[in-house]
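Here is a friendly tour of the structure shown below. Keep it open as you read along.

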Amino acid sequence: MDRSAAELVAGGGSEQGQALQATVWRTRIEDLLEGLDDDAEREQAATELRALLEYTAAAGGGSRPEPAAWPPGGTSA
């Protein structure tokens with residue numbers, strides 16, 4: 001994520017840079033979900049991704065969360 005943010009800043013936040021990062025992250029997430037062993041793992045990952053998207057939207061989409069703010073409860077899996 002830090003590398004993506006740095007690339008976006010270096011590129012001035014251009015639409016082309018944003019589109020590239022969207023493609024990169026979409027591919028990463030698809031690969032992650034396809035690599036999970038069963039439907040239960042996929043559902044858990046999807047639930048966590050939805051929560052992350054909601055959190056990001058609530059934070060304005062571009063701010064970096066405080067360390068204790070994500071994941072919910074301040075712990076990591």
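## Two salt bridges

R42 and D39 form a salt bridge, with their closest N and O atoms 3.3 Å apart; the term means a side-chain nitrogen of Lys or Arg within 4 Å of a carboxyl oxygen of Asp or Glu. The two residues are three apart in helix α3 (residues 39-58), so about one helical turn separates them. R42 is partly exposed at 31% relative accessibility, while D39 is exposed at 61%. Here buried means under 20% relative accessible area, exposed means over 50%, and partly exposed lies in between (1.4 Å probe, protein chains only).

The structure holds two salt bridges. E43 forms one with R50, where the closest N and O atoms are 3.7 Å apart. E43 is partly exposed at 45%, and R50 is partly exposed at 44%.

## How the model was read

This is a predicted model: local features need pLDDT of at least 70, side-chain atom pairs count only at pLDDT 80 or more, and totals for chains, interfaces and linings use all residues. Residues are numbered from 1 along each chain as its sequence is written, and side-chain values use heavy atoms, leaving out hydrogens and water.

## Fold and surface

The protein chain has three helices and zero strands, counted as DSSP runs (helices H or I, at least four residues; strands E, at least two) numbered from the N terminus. Of its 77 residues, 6% count as buried.

## A charge over a ring

R28 lies over the face of W25, at 4.4 Å from the ring centre. The rule asks for NZ of Lys or CZ of Arg within 6 Å of the ring centre and within 35 degrees of the ring normal.
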